[in-house]
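Reader: I am new to reading protein structures. Could you walk me through this one, feature by feature?

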Amino acid sequence: MEKVMIDGGSALEGKITVSGMKNAAVAVLFATLLVEDVCIIENLPNISDVKISLEILKSVGAQVEQLDSGRVSIDCRYVCDYAPPEELEKKMRASYYLLGAYLGRFGHAAIAYPGGCDFGVRPIDQHVKAFGALGAAVDTSRKDRIEAIAREGKLRGNAIFFDCITVGGTINAIIAAVLANGTTEIENAAREPHIVDLANFLNLCGASISGAGTDSIKIKGVEKLHGCTYSLVPDMIEAGTFMIAAAATKGRLYIDNVIPEHLEAITAKLTEMGVEVEEFDDAVLVSRKGELKCVNIRTKPYPGFPTDMNPQIAVLMCMADGESELVDNIWGNRFRYVEELKRMGAQITVSGNKANISGGTSFCAARVRAVDLRAGAAMIIAGLAAQGRTEIDDFFYVERGYDNIIEKLRAVGANISKVCR
Ligand code: EPU
């Protein structure tokens, strides 16, 4: 088992570069299953969710070749329609994109229920509803796996109205509809940048998708897709995590390879808290000199404040003057990290999906656990701000989604290292 040790108290200073987006990477990787040709994907983050996705693709017959760092060639011409090993599927959330991809390509699919971070119940009823609208019979009666079959042998385009805004449901519906007969219109679609990225990738392969980035997406089914070379967008959550790390350590970070527009909700709240954020074409410069002001935040689907920044911003709210309120409108059980943060001195009361945070905390070093991916990122930020040595167990969660985070933080002045026990 690996853990991370941080000797906190140093301000982060210098330039740090953001990698490709995890949640775009996993969507695009599974979407390559639709392409009977070679795709070259660039700016792929070196994270375990990407490694597992590539393992899954290989296990069903894709030829995967690592060209160089962050560049992979994927040839899905000879992919078979059998299910990948269950233990791989269960290691990550995004393996449920296999359902859309297999249904789109083969007209049938059978997969194990996906894994992923534990935020309480993570239903997939909207995915099932979308596949049903596209003409699939979906069997969810078994506890261990989901099976789906296109009633006419192939999916048929149709209207899909999501009852709630779902990122994964929107992605799965797009993947399934690309090769369907006829036109699909998705209403109440999620608008996240990774949905736009997936649509851009598929359009480059010959798909006909319009409206991605709005809540109404139109997909005209095409016969076949061809290969392409595609570079993924930068990870806005990784960028946001570094922005908060700069603010928490009273540092000054030039955060490179970002799309500042994707960061607007985060930038707005940091500015409200008294952090300075200067925007450039593809970078932001984040610095803090004065005290932090308290703030109220409600997480929302994009372009609202992202739930995947909930634990990290909570660290900063703990350090601010006064009382802050953080409400998570996406995941009811996202506050499992609070108990860990309390070991470092945080004063937080959680009630349902709301956290009341008393400010003025000077974090003290402690031995804590990463309870999930973003929770682990929050522990790192608190450890960087604390005086003394913080130890973080279960670091593998962080490696699911942050590319070389130890090396990147060391290069800007953090005393952080990974040790194997
Ligand atoms: N929901 C339903 N039914 C569904 C699908 C979702 O009720 O069929 C509900 C969920 O319970 C939740 C809300 O809708 O309350 C949003 O869920 P969504 O489907 O958008 O989440 P997801 O696709 O499972 C992705 C990211 C998460 C991120 C959420 C929200 C991937 C692989 N995961 O999950 O990322 O928190 O969107 O933005 O893209 C992370 O990166 O740390 C992470 C957890």
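Author: Gladly! Keep in mind that this is a predicted model. Let's begin with a loop: Asn43 lies between β3 (38-42) and α2 (48-59).

Reader: What is the phi of Asn43?

Author: Asn43 has a positive phi of about 60°, although this residue is not a glycine.

Reader: Now a peptide bond, please. Is the one from Tyr302 to Pro303 cis or trans?

Author: That bond is cis, with omega near 10°. To find the place, look at the loop between β17 (296-299) and α10 (310-319), where Pro303 lies.

Reader: How many residues surround the ligand, and which are the closest?

Author: There are 23 residues around the ligand, and the closest are Gln126, Thr166, Val167, Asp308 and Ile330. Sorted by class, the shell holds ten nonpolar, six polar and seven charged residues.

Reader: How should I read the polar contacts?

Author: Look for pairs of N or O atoms within 3.5 Å. Here, an oxygen atom of the ligand is 2.7 Å from a polar backbone atom of Gln126. Val167 also takes part through its backbone, with a polar atom 2.7 Å from a ligand oxygen. With Lys22 the side chain is involved: one of its N or O atoms is 3.1 Å from an oxygen atom of the ligand.

Reader: How much of the ligand does the protein bury?

Author: Taken alone, the ligand exposes 820 Å², and the protein buries 89% of that.

Reader: One last topic: how do I describe a pair of aromatic rings?

Author: You give the distance of the centres and the angle of the planes. A search of the whole structure finds six aromatic pairs. One of them is formed by Phe201 and Tyr230, 5.8 Å centre to centre with 65° between the planes.

Reader: Is that pair of Phe201 and Tyr230 stacked or edge-to-face?

Author: Planes over 60 degrees apart count as edge-to-face, so the 65° of Phe201 and Tyr230 makes the pair edge-to-face. This pair also links distant parts of the chain: Phe201 is in helix α7 (residues 193-204) and Tyr230 in strand β13 (residues 229-231), 29 residues apart.

How values were computed: Residues numbered from 1 in each chain as written. Predicted model: local features only at pLDDT ≥ 70, side-chain atom pairs only at ≥ 80, totals over all residues. Heavy atoms only, no water. Near = heavy atom within 4 Å. Polar contact = N/O pair within 3.5 Å; in protein donor to acceptor, adjacent residues only side chain to side chain. Areas by Shrake-Rupley, 256 points an atom, 1.4 Å probe, with all protein chains shown as cover. Nonpolar A, V, L, I, M, F, W, Y, C, P; charged D, E, K, R; others polar. Phe/Tyr/Trp six-rings, centres within 6.5 Å; stacked < 30°, edge-to-face > 60°. Helix = DSSP H or I, 4+ residues; strand = E, 2+ residues; numbered from the N terminus.
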